[in-house]
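Hello,

Here is the structure we talked about. Please open it alongside this note; the findings follow below.

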Amino acid sequence: MSVSSMTGFAHIQKETVLGAISLDLKSVNSRYQEVAIRLPEELRFLEGDVRARLVRAVKRGKIECRLSWVGDSALVEQSLDQTALANVLALQESVLKVKPDARPLTVSNILQFPGLLKPQAIDEDALTSQVIEALDEAIDIFAASRIREGEALAVVINGYCDRIVETVKELEPKLPLILENLQIKLEERLKEALTKTLTEHATLTTEEINDRIRQEVILYAIKMDVDEEMNRLLTHVKEIRRLLSVGGEVGKKLDFMMQELNREANTLGSKAAAIEMTQTSLALKVNIEKMREQVQNLE
């Protein structure tokens with residue numbers, strides 16, 4: 001199963017018993033499923049069927065379906081109501097007797113009287129079948145366009161995953177030396193700051209003072225250790241790749257994974273005790289944000 005973008009478009013024209021119909025489907029990003037349908041008056045009775053098919057076909061996104069007649073209106077055959085026509089002509093005759101100089105009605109005037117023209121009965125079953133067939137064909141084209149864009153987005157997202165892995169792998173071999181240098185500098189500063197004070201105001205021996213300093217240095221090193229964050233970043237990347245390969249409705253799941261990636265990048269930044277760690281955190285957050293923008297396009 002492939003991933004789908006929330007952006008798609010389809011356009012077709014089909015002949016029906018009432019004339020040619022034009023059908024447009026388009027969608028854009030949305031957190032939820034939103035369906036808007038615009039139908040000509042003659043097809044208003046099909047709105048429920050149209051909506052049901054769209055809801056089944058598209059799970060997320062703002063979808064607009066527009067149906068219209070090719071030309072001015074539907075080709076609805078009409079017949080003349082002979083009784084209504086006789087009544088209009090009789091009324092005209094009565095008026096002319098009272099006011100002979102009145103202008104007689106033209107054919108156009110007569111045909112504009114309400115009720116004079118009545119539509120012929122149409123085959124609603126045939127019309128329904130033709131419109132739904134056109135809709136199903138448009139949905140297939142629409143879904144294919146969303147899948148094509150979704151597959152392209154998956155390639156882009158996997159590219160950002162590659163960059164995140166590269167960024168983490170670049171930092172990993174540097175961490176032992178970074179932590180070692182930090183411990184050495186911290187130990188030197190603690191010795192310089194505390195040894196004289198503790199010796200003058202406490203009964204501790206020099207060895208006990210050195211042991212206490214080493215304990216503080218070890219605790220600091222543990223707090224600054226980012227192995228856990230690095231491993232979680234790589235684990236999240238693996239899960240993102242898995243979701244993309246499985247396909248389907250992965251947009252919301254991937255959006256959650258973006259939050260988790262960002263959390264780990266922020267934690268790494270808060271523990272940054274060297275310029276290399278700060279630069280890594282910033283690079284990660286830039287790539288995560290770019291990935292998040294693409295993820296928001298997926299269904």
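Contact here means heavy atoms within 4.5 Å. With that cut-off, and leaving out residues up to four places away in sequence, Leu244 touches Val3, Ala154, Ile157, Asn158, Leu254 and Leu298. Please keep in mind that this is a predicted model.

**Overview**

The protein has 299 residues, and 35% of them count as buried. It contains nine helices and six strands. Take the contacts with a separation of 6 or more: 80% of them join residues 24 or more positions apart.

**Helix α4 against α7**

Start with α4, residues 124-171, and α7, residues 227-246. Their axes lie 10 Å apart, and the packing angle is about 160 degrees. Angles over 145 degrees count as roughly antiparallel. That makes α4 and α7 a roughly antiparallel pair. Their crossing is left-handed.

Which residues of α4 and α7 meet? From α4 come Ala154, Ile157, Asn158, Cys161, Asp162, Ile164, Val165, Val168, Lys169 and Leu171. From α7 come Met230, Leu233, Leu234, Val237, Ile240, Arg241 and Leu244. By class, this contact has 13 nonpolar, one polar and three charged residues.

Lys169 belongs to helix α4. Is Lys169 buried or partly exposed? Its relative accessibility is 43%, so Lys169 counts as partly exposed. Lys169 and Met230 are 61 residues apart along the chain, yet their C-alpha atoms are separated by 8.9 Å.

**Helix α4 against α9**

α4 also packs with α9. These axes come within 10 Å and cross at roughly 170 degrees. The two helices are therefore roughly antiparallel to each other.

The α4 side of the contact includes Leu153, Val156, Tyr160, Arg163 and Thr167. Ile157, Cys161, Ile164, Val168 and Leu171 take part as well; these five also meet α7. On the α9 side, the residues include Glu276, Met277, Thr280, Ala283, Leu284 and Asn287. Ile288, Lys290, Met291, Gln294 and Val295 are also among them. The class count here is 14 nonpolar, four polar and three charged residues.

**Helix α7 against α8**

How do the axes of α7 and α8 cross? They come within 10 Å, at roughly 165 degrees. That makes α7 roughly antiparallel to α8. This crossing, too, is left-handed.

α7 contributes residues including Met230, Leu233, His236, Val237, Ile240, Leu243 and Leu244. α8 contributes residues including Leu254, Met257, Met258, Leu261, Ala265 and Leu268. By class, the α7 and α8 contact has 12 nonpolar, two polar and six charged residues. Among the residues in this contact are Glu229, Arg232 and Glu239 of α7, with Lys253, Glu260 and Glu264 of α8.

**The cores**

In soluble globular proteins, nonpolar side chains tend to be buried together. In this model, the largest nonpolar core has 30 residues. Which of them touch the most other members? They are Ile240, Leu244, Leu254, Leu261, Leu284 and Met291. α4, α7, α8 (251-270) and α9 (275-295) each supply at least two residues of this core. α4 gives the most, with eight residues.

There is also a second, separate core of 26 residues. Leu18, Leu25, Ile37 and Val50 are among its members.

**Two local spots**

Gln13 sits in strand β1, residues 8-16. Apart from neighbours within four places in sequence, Gln13 is in contact with Ile21, Ser22 and Val70. From Gln13 to Asp24 is 11 residues in sequence and 9.0 Å in space, C-alpha to C-alpha.

Phe113 lies in the loop between α3 (107-111) and β6 (117-119). Its relative accessible area is 37%, so Phe113 is partly exposed. Not counting residues up to four places away in sequence, Phe113 touches Val88 and Leu105. Phe113 and Val88 are 25 residues apart in sequence, with 8.4 Å between their C-alpha atoms.

Best wishes

Definitions and conventions:
Residues are numbered from 1 along each chain as its sequence is written. This is a predicted model: local features need pLDDT of at least 70, side-chain atom pairs count only at pLDDT 80 or more; totals for chains, interfaces and linings use all residues. Side-chain values use heavy atoms; hydrogens and water are left out. Axes are lines fitted to C-alpha atoms, for helices over the stretch in contact, and angles run from 0 to 180 degrees between N-to-C directions. Helices (H or I, at least four residues) and strands (E, at least two) are DSSP runs, numbered from the N terminus. Angles under 35 degrees count as roughly parallel, over 145 as roughly antiparallel, 65 to 115 as roughly perpendicular and the rest as oblique. A crossing is left-handed if the near helix is turned anticlockwise from the far one by less than a right angle, and right-handed if clockwise. Ala, Val, Leu, Ile, Met, Phe, Trp, Tyr, Cys and Pro count as nonpolar, Asp, Glu, Lys and Arg as charged, and the others, Gly among them, as polar. A nonpolar core is a set of buried Ala, Val, Leu, Ile, Met, Phe, Trp, Tyr and Cys residues joined through side-chain atoms within 4.5 Å. Buried means under 20% relative accessible area, exposed over 50%, partly exposed in between (1.4 Å probe, protein chains only).
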